[in-house]
Amino acid sequence: MSEQLEKFYYDNKIVKAFAYATIFWGVVGMLVGLLIAFQLAFPIFNFDFAPTTFGRARPVHTNAVIFAFVGNGIFMGVYYSLQRLCKTRMFSDRLGWIHFWGWQTIIVAAAVTLLAGYTTGKEYAELEWPIDIAITLIWVVLGINLFGTILKRRERHLYVAIWFFIGTWVTVAMLHIVNSFEMPVHFMKSYSWYAGVQDALVQWWYGHNAVAFFLTTPYLGLMYYFIPKAANRPVYSYRWSIIHFWALIFIYIWAGPHHLLYTSLPDWAQSLGTVFSIMLILPSWGGMLNGLMTLRGAWDKVREDPILKFFVVALTCYGMSTFEGPMLSLKNVNAISHFTDWTIAHVHVGALGWNGFLTFGAIYWLIPRIFQTTLYSKKMAANHFWIGTLGIILYAVPLYWAGFTQALMWKEFTADGTLKYQFLQTVTNILPMYTLRGVGGLLYFVGVIMMVYNIWKTVASGKLLVNEAAEAPALAKVFVPTAGNSHWHSWIERRPIQMLVFSLIVVAIGGAIELIPTFLIKSNIPTIAAVKPYTPLELEGRDIYIREGCYTCHSQMVRPFRDEVARYGDYSKAGEFVYDHPFQWGSKRTGPDLHRLGGKYPDSWHYNHMLQPTLMSPGSIMPNYPWLLDDDIDTDIIPAKIRAMQKLGVPYPEGYDQKANDDLLKQAGEIAARLEKDKIKTAPNKEIIAMIAYLQRLGTDIKAKPANAAAKADVNAVTQQP
Amino acid sequence: MRWAGKVSVATVLFFTMLLPVQSFAAPKVQDAMSNPLAQVLVAIAFLLLLCIALLGYVLNGAAEVYRQKLKNQSSGGQVMPSVIAVVLLLLLGGNAVAQEAATPPAVAETISGLSYTAFYLLVGVIVFEILVIMAMVIQLRYLAGIGSAAKEKVMAVETAVVKKPKANWWWRINNAVSLEREKEIDLSHDYDGISELDNKVPPWWLLAFGMSVLFGVVYLYRYHVVHSAPLQIEELELALKKGEEQRTAYLAQSAGNVDETSVTLMDGAAIAAGKSIYDANCVACHGSAGEGNAVGPNLTDKYWLHGGDIKDIFKTVKYGWPEKGMQSWKETLSPVKIAQVSNYVLSLVGTNPANAKEPQGELFEAKADAPAIDSAAAGK
């Protein structure tokens, strides 16, 4: 067999661009993280300025570290490894640059719009519809470039890293598209297509699998490339990589409902979430162990090499968080952990340890290679490793402590059957933990700055090898099997398109079985006659609630626990959320649950509390919202909002969009009058009035007496309490 | 590099010790620290910390020597796993301490005068320190060549030609092909220089995976087929029932069973207790002296929206008047506490504080059973 060697060049310039973007967005995202961490301990850092309050900054942090830092990290690793694993240059340089600049533009647009208050109010999917469309387009560009490269490869079989890349691409596409269905109101405002329980299920099917298919599977692909390369060892077990890959992507997709345990989600869906989470332990650990055991015979190198140290701790953190996650999915553990800082600690072990450290290791490994030099300081990299590890510990331990303490305080009853602690006491008690957590984050950040300096000096000492020469024979027309690829699985390794289709089928099963019955079978969400659509003023208030990111600290989901029923009122029912586009159940209770807030306090209490929470709750760490008192309600947009809601099936009467503003003004006038009785003078067209209207409505539909419920049948009637 | 590791260990320990003082014990640091048991425990913890520092120093030296040896031999060591074990211990240990210590945040009983929280916290720190010391000793033994594993290894290297080196338990349970024979299972893949071995999937892993699937089947069977475990609403009903039983049992055998029909006027001590309840819960809406503010009415005048009798006030506090903004306190305050705070509120009448809000509601005339001074004043 005569093999003609073909000469070609790997593109390192695009790898460099993504590496720089990774570092840059990492620094930005972590800085915002530090800001919000210290805001919790010291609310003064909210600066009484809308764009810097916690509720708006927190989505910027999560989006920046997930989609900007880790996202660019994925692309850096994929563009580097895919070319070499396929023995070819990327399919198209131009598509690569469209992808690069497109993604960075999306990130900037995301940061700006989130700070300006444009958000859909769905966690990790907060971006408004034009940006969602842009993401879809750029993702397609990546897909074309990815598959173009794979199709013109000079390597017959696809290495395990590429299976993970393919699985990632197709699943993220599916998740993003299904979760982003929304009804536009105007250019930067939309309502989720789904409502209440269904919206929650779709959202957490997405949210959980954003962790699975954005933070996990692509990084497992990178792990399978960078660890064997850095350690110069063969992968421990090929068979194991096959079984854990398919098991992982099949099982992961089912686990979303574990974010909704003890909520109004039907019990059967919750149970599926729990059992599939438990089944997920071993497939996850297969990845960790196959990686760690690849280092067999190279542990002496781990001692010397900071890069391998980063990889080892990354895998260890991956193993810990993928064991902890399933444990948190058990009902009895979840009853304690959910809504507390335990969850925050859990995700950060994964994010700081697994994603962060794997990214740092990969950057330290590939930058000197593409710049044809050696790392400026190995010692500094080692110090980065130690300070980063210390940062993770100091971040996680206080939050585990805080979460556990707070949950137990919430649940504590005195012997005479009353709640032992006010909610606020459970918050002020854990503030020292918040400070410590901030210190942990700061240490981690110092490590990143050391890396920036180290990389800067490394780059300065070398020269980028823009086009790296390589050669390989072209693929022969006829495939002759050899002993190394006689395994049955190598059939699909030769067929990327079948791999794509089969991956999609495998990941679609779990979602379909959970989502479709929840949408189609009526008994899953029993309707409640007393539940009526929001009045226009309440709807406007709800949009302000979403805009300010209240859901980042407040839940709207009273779980069926004795303590929550005592503290907040009757537990939340599925039928109460049927007009909630989007749902606002939240995932964290830094502040108390708000689902039964309506009617609990007078309007004047809310007015003062929004102006300065400490006036009404001394010691509160909630930011001040003074601008709500000054800014006017935008009444021009109300008819469009009503029409959008009608299109989504909310039963406002025909032609109500034109009458909506009359009702809005009437209800606003009544609230202003009530405030005036309490000596608070305010114009009825201020945002605070809408906010009060919404907060006073929350959870009151099924609290109302029968007489009131009858009166509410007409949506034109003001639904305020008498 | 190594100093950094040592510093991290020490810092974590330092912070672990600091945490309780800041969070739980903050208001009663003095009581806790004057407790002899606490002093002993803290002393032990401190001594152990010194041991750790000392051991760390020795370990540092030993590691240096070992490293030299390793460089000479250039044989694959097993040092890093134990380093990882320490890191893991740190993480898990810290976690365990956190959970153990946090279990009873509400201190009802004590151990030799020391609260459960403080006791378990200190014991937790000590256990944690002992674990760290044990890990350090193991590593020291290993580095110094005392550990049997190291001896075997050295011997194995020397007699490799004669005797097959023995794989350790980890590789045995994984059914791994030994390093020496790994060429035999090399699949001769070459992905950018990466090759793959065809090691068997560890049998324990397959077994555990099977068990997790079995868990799932049993779980679904119990909850959704035979209903032998309570679903969430049933769980709530059980909890409420149990809570109610405990509550009635407690109230039956205590003097705390007071309600709006049996509440009476109380004297100094109860009113003082009422004041602290008032200060903690009521000032935001009614003002620090009961003068009222934008939210709540003035409590110091003779005008009442819902009646000014002790029984009326008790009822108002207990059930609230939600449509007017007064919340119900029956889930937060025990009946005795409601009685105390109601008495305190009644004691505010006639105090004429500054910035008092204008009267609201009906003029309430004290009845005959009210204190004599009041009726005398009213008579004038």
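Start with the largest nonpolar core, which has 237 residues in this predicted model. Pick out Tyr79(A), Ile162(A), Phe311(A) and Ala314(A): these are the ones with the most contacts inside that core. Next, color residues 196-231 of chain A, and you have helix H6, the element that gives the most to this core, with 23 residues. The core also draws at least three residues from each of domain 1 and domain 2 of chain A.

Now zoom in on Phe311(A). Which residues does Phe311(A) touch, leaving aside those up to four places away in sequence? Select Phe226(A), Ile227(A), Ala230(A), Leu358(A) and Gly361(A), and there they are.

Hop over to chain B for a moment. A second, separate core of 22 residues is waiting, and Tyr278(B), Val295(B), Ile313(B) and Val345(B) are among its members.

Back to chain A, this time to see how it is divided. Where the two domains meet, the contact takes 32 residues from domain 1 of chain A and 32 residues from domain 2 of chain A.

Stay on the domain 1 side of that contact. Helix H2 (54-85), strand E2 (182-186), helix H14 (378-411) and helix H15 (423-428) of chain A each give two or more residues to it. H2(A) gives the most, with 5 residues. Color this side by class as a last stop: you'll find 18 nonpolar, 10 polar and 4 charged residues.

Key
Residues numbered from 1 in each chain as written. Chains lettered and ligands numbered in written order. Predicted model: local features only at pLDDT ≥ 70, side-chain atom pairs only at ≥ 80, totals over all residues. Contact = placed C-beta atoms within 7 Å. Helix = DSSP H or I, 4+ residues; strand = E, 2+ residues; numbered from the N terminus. Nonpolar A, V, L, I, M, F, W, Y, C, P; charged D, E, K, R; others polar. Core = buried A, V, L, I, M, F, W, Y, C linked by C-beta atoms within 7 Å. Buried ≥ 20, exposed ≤ 12 C-beta atoms within 10 Å, placed from the backbone. Domains from an automatic or database assignment.
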